[in-house]
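This report goes through a few features of one protein structure, heading by heading. The sequence and the model are shown first.

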Amino acid sequence: MELPHLYIAILLLNIFELSSGIIYNKGDMEKHFVCASQRIPQKNEIIKLYLSSDDLKIHCFLQSESEHAVQKFLAVFTSGGLAPSLGITNSTYTGIFHFNLTLFSDRAYWLIKIPRENITKNTDIAAVEEWYVRITLQQGLNIYTTEGTLLDKVREPILQWNLGAKMTKNSISVVSQYAVDLKVAKCPCANDVALLGFVLNETYNGIYIGLSFSGFWNYDDTTWYNLTDMVYSQLGEEHTKLSVVDMVLTNHFLVLLTSLGLFVSEDLRYPSSSALTVCELLLNTFLLQKYNSVNNLKTPRKTTTASVTNLKNNKPGLRPKFPLFVFPPSFSPVGMVFHPRSHFLYAYGNQVWLSVDGGNTFERLADLRDDIIKNTYHSFYTSDITFVSQSGHVYSTKAGLRRYNKIGSISDNIFTLYYDHMGYIHKLTPDRFESGGSFVAFGNSKGIFRQAPDIGFETALAPQFISPKEMIFSAYVPLNESQQTIHTKQFSSIHMGKVIYSRKTGTAYIKKVLQHNTPEGFLSSIITEVIDPFGMEEENESSCLSSSLSITQAGNATYKLTLQSQTPGTISSFQDLDVEKTVVIPGYSSFLIISVLDDKNVVAIATRPTTALNNMTFPRDSWFLYNLGHKNGRMWKIYAKPCNYWFQQRDTSLSLGVLKHIDLGKSYTVEVKVIPNTKGIQILEIPLLTVIAGNPHLLEVKAEGIFDKTDSYLVKISAASYALHQGSTSLALVVWGASTECFVTTVMLRLKTSCSNLKSMHHIWHEHIPLEDWISGIHKDRHGFNRIKTLPVNYRPPSKMGIAIPLTDHFYHADPSKPIPRNLFPKSKKFGKFKQCANASTREECNCTNDQKSSDAIAFSDCKEKVPRFKFPITQYPISLQISSEDGRIPVDMPYLLTVTEVNNRENWKLEHSVPENVKKLKDYLEPRLHAPVYNPIGLNLSIKGSELFHFRVSVVPGVSSCNLVEEFQIYVDEVPLPFPGHTLIAVATAVVLGGLIFVTFIFQIRNIHLDEMCRNCMTTNKENISNIINRLPNR
C-alpha cells in the first residue's frame, strides 16, 4: 500500500477517536511513542519525564521495527502539517503543547522545549500532584496515543533531603539476605516517589531504606540509605535488634515505626544541608490506631461488627454515625481499608466485604473459606485493588465493582506489591524488581502473572437449555463427597461475570450464580448467556446416539436410561467414556450419566427432577449428548471475561481522577458514554452506569441516561451546591457490568464544596498597557498623556488634612535607605510602617519580586513602583470585574453584591450604581449588618475629585460564595488644576488700595501739603490761561 493511501486508511480506522472525548478499554494500550526529558530515549522505554528548574526538553520518536519505514511514514504526516502534541494534566490542571513540525536534526525525532513557568510558576518545596502526560500524533485525533508521567523534582519534599549514609550495591545485597519482609511508603501526591524498607530478622540490625522517584522500575535506579545511626542518636543508649516495622510517607513528614520505637522526621518542606533527623514519639498511640485494633472491626465473642463514629477533637465520638453492622459468624477479620480517594471501604480476612456507603452496610464480595487475605494493594488511577492471601494466591477487582478474579499466585517467600502513579503493578523482592509494564499489558497484571489461571474446579457440569440463547450449568457433587471438600465442587461468587469455555466448542457468559440444596447431586449452578453454541457429541464419538432412549425412575434422584435400537444392524451402546456426559432433551430435565450398568443401560441423575418424565421414550435425534465432564481431563474452563465495555470521557481535558471545587449556588456537569463491546450478547435497556455519592447530603446529584441507536449509554451527571456547608465527597461512576479485565471500570470524581485555589476576582482596566511599557514606565495615549505614574520613593497618599500631612501606615515604593517625604508634621510622623521592607536597610534587601512590584495588594505596597495614571477629574469611570477560575472567566454579576473601601481612608470619591427593587431589599438587609455601603456590580461607576493616589479594595459580601473574593486596584489622579483665587485676590487688592491711600495721606500731612488749596490754585490758573487765549484770538 502506498503511503498516502496508508495515511487515509489510518484516519478511517480511527474514525471513532475523531469524535470528542477519550475512549478507554479499546484493547490493550500499546506504546507507540518513546520519550525522555533528560537524554535521548531508548526503545521500549516507559515515558517518565522530570521537570527541573530549567526548561523542559523532551525528545520523542515513534518506535517501529524499521527506522526507514518510520521516516517515510512520518514524512507523509509532517508534509500534511501534522506533528505530535503533548497534553499535561492532573486533577486540577490541563495544558496542551505542540512539537515542532520538522523532525530534529533530520532524524526520526521530535523535540519540544517548554519553559518551566508555562507549566508552573511555583518553585517552593511542597507536595504537589504528579502530572500525567498524553502524547498523540495529532491533537484531537488520538492517533498513536501514548501515556506517561511528569514529576516536578524541584518541589517534591523527600527528594530535597539527604536521608542518611548512601549504601553501595554490595552492602545492600548483604543486608537483603536478612530481610523477612518489605514495607513500601508512597508519596500521597506522586506515587512514583516511594520508599522501600527492609524488615530484618533478629540476626541483623539496622534501618535500611531505598528511595525511588521513577516507580521502582529498575533495581539499580534505587538509591539506598542507612538510617541506623540517625535512629540510634535519638535513643541515647545502646540497643540492639533495630529494624523497620512499618513506615508512612505523608506530604510533610516521614513516620518510621521501628522495633525500638516510633520516630517522626522534621518537616520535609524545609530541607537543610545536613542529613534528615527524626525525633522519638510515644509508641502506644500509633499501635493503638494501627495494630492493637483492627480498624473499628470489633470481634467480641466471635461476633464481628463494624462501627462508624465521627471524630471530635481527634477522638472518636460516643454516638455511632450508623447502626452497628454485624458480619456473619463465618467471617474472621484481618483488617479494613478505604480505597484511596474514595468512600469504598473493604473489610478483609477469610472473606472480603465491600461497603459503598462508608461503612453503613456491607455486602460479601468473596469467600476464601480456609485461606486468608493478609495484604491489599491499591491504585487510585486505574482503580485496581489487589488482594494477596496467606497461601500466595492473588486476586484482583476494581473499586466499587461487585466481582473479582484470580490473577495468579506468588511463590516468593519475601515480596510486596506496589502500584506506581500510572497504575503499573510491580513485584518487589529484596534483590530484584518485576514490573507489569509490558506494552501489551498496560493497566493489568499480565506483566507479572502472565495469563490468568483457569478458575474452574474438578467436577462435571450438566447443561440444560432455558432458551435458545440461555443455558444453565449445574455442578455435580457426588453423594459420598466429604463435607470438608463439598465447596471445592461448587460455583461461587468468583465465577460471577466470567466466561465458561468448552474444550470442544462453545462459550457462554455467566450472568448469575445460584447456591441451593436440591436436587441431590447439584448444589450450585450458573445461568449463562450463550455467546458461541456448545458442541454436541457425534455418533462417531458416542454410538449410543444412534438409538432411541427410554427413561425410567430408579430412585429419589436417579434414573435408568435404556437404549432401544431403531435400525437393525446398527451398533449402539453405552461406554465407560460416556460417564459424566449429559443427556439433554429440549423442554425437559437434563440427565448426567454417573455410571454404566451395561452397554444398554446407565444410571443418571436429573438436573430438574420436577421436569423429568418417567417411563418415556425419546426417538433418535430428539435427544443430545454433551461432554462437560472431568473424568478423562476436564472438558471445560472458566476465565475472566474480555473487556466488554468502552468508556468514553467527553471532556478531553479531564484526567481519570478529577478534582473539582463547586462554589455555593454553582454546579458541575460531566458527560460520559458507555459503549458495549460484546459479541452475541443481548443488550437490555438497563442503565449501564451506577453513580454513587460518598456523602449524599453534601451535594444535590442528578444523573440522566439514555440509550442511543447503537446501544451506547450516554449519561449526564450534575452535582450542585445549594447549602452554605463546606466539605468534600467522592462521586463514583461504576460500569457495574464491566469485566475486571477492563482498564477503566470506575471513574472517581472528587468534589469539594469549598473555594478553589484557582478562583479569584480581578479588576479589568479598559485600556490595556503592555508589559514592556510597565517596565519602561511610559505609555502615552493618543493625546500624548503618559498613563503610567512612577511613585516617589517612600510615598504616602494625602489625607483629608492636606497633601503635606499623610495619615496612613502604608508606604509605596519603599526604600529604607532614603528619607521619608511629607514627614514634617507630628501627626505624619506617627504613621507609616514598612511591611516587606521591615528590618531591611536598602530596597534590595526587601527582596521584592516582579509579581509583588506589579501587585495591587496592600500587603505588597512596599514593592509597588508604578500605578495607572488618570487626568483630573475622573467622572463615571466604569468598574469592570471578572471572576476567574479553572472553568474560565465570567463577569461579576448578581448575586455578587460588593462593598468598596479606600484603604488609606481617603475621601473625595463617589460610587454610583443601579438599585432595582431586589437589590434595594438586599442592601437594606446587609448594610446594617456589614456596617458598610453595599453596591450592585452591574452599572458600577466611580467618580474622583481628589488628587494623587487612591487605593480601592472591592469585596464580595459574605454568604454568596465559599470564597473570600477580594480585589484591589489603584488610580493616580494627576494634573489637578489650581482652584480659582477670586476671594483672595479681591481681599488683597482692597488691602493694597486702602493701605496706599492711607500712606499717601500720611506723607501729605508730613510735608504740609494741602490738596484742597492745590486744587483751587490749579483751577484759578487754568481760568486765567483760558482768558488770555480767548483774548488773543482775532475778531471774525
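This is a predicted model: local features need pLDDT of at least 70, side-chain atom pairs count only at pLDDT 80 or more; totals for chains, interfaces and linings use all residues.

Phe999 belongs to helix α12, which runs over residues 982–1006. With a relative accessible area of 53%, Phe999 is exposed, since the cut-off for that class is over 50%.

## The buried side of helix α4

Helix α4 spans residues 169–176, and its buried residues are Ile172, Val175 and Ser176. These residues lie on the same side of α4, because the arc they cover around the axis is only 100°.

What do the buried residues of α4 pack against? Their partners are four strands: β11 (179–186), β12 (194–200), β13 (208–212) and β14 (223–226).

## Disulfides: the overall pattern

A disulfide is a covalent bond between the sulfur atoms of two cysteines. The structure holds five of these links. When the bonded cysteines of the chain are numbered in sequence order, they pair as 1-2, 3-4, 5-10, 6-7 and 8-9.

## Cys35 and Cys60

Cys35 is joined to Cys60 by a disulfide with an S to S distance of 1.9 Å. The angle about the S-S bond is 115°, and the link of Cys35 and Cys60 is right-handed. The pair links distant parts of the chain, 25 residues apart: Cys35 is in strand β2 (residues 33–36) and Cys60 in strand β4 (residues 56–62). Both Cys35 and Cys60 are buried.

## Cys755 and Cys963

Another disulfide joins Cys755 to Cys963, with 2.0 Å from S to S. This link of Cys755 and Cys963 is right-handed, with 105° about the S-S bond. Cys755 sits in the loop between β55 (746–752) and β56 (760–764), and Cys963 in the loop between β65 (948–956) and β66 (966–974), so the pair ties together parts that are 208 residues apart in sequence.

Are the two cysteines buried or exposed? Cys755 counts as partly exposed because its relative accessibility is 27%. Cys963 has a relative accessible area of 9% and is therefore buried.

## Cys848 and Cys863

The disulfide between Cys848 and Cys863 has an S to S distance of 2.1 Å. The link of Cys848 and Cys863 is left-handed, with -75° about the S-S bond. It connects distant parts of the chain, 15 residues apart: Cys848 is in the loop between α9 (826–829) and α10 (850–854), and Cys863 in the loop between α10 and β58 (866–871). Cys848 and Cys863 are both buried.

Cys189 is in no disulfide, and its nearest cysteine sulfur is that of Cys187, 5.5 Å away.

The relative accessible area of Cys187 is 1%, so Cys187 is buried. Cys189 is also buried, with a relative accessible area of 17%.

Key. Residues are numbered from 1 along each chain as its sequence is written. Side-chain values use heavy atoms; hydrogens and water are left out. Buried means under 20% relative accessible area, exposed over 50%, partly exposed in between (1.4 Å probe, protein chains only). Helices (H or I, at least four residues) and strands (E, at least two) are DSSP runs, numbered from the N terminus. The arc is that of the directions from the helix axis to the C-beta atoms. Contact means heavy atoms within 4.5 Å. A disulfide is a pair of cysteine sulfur atoms within 2.5 Å.
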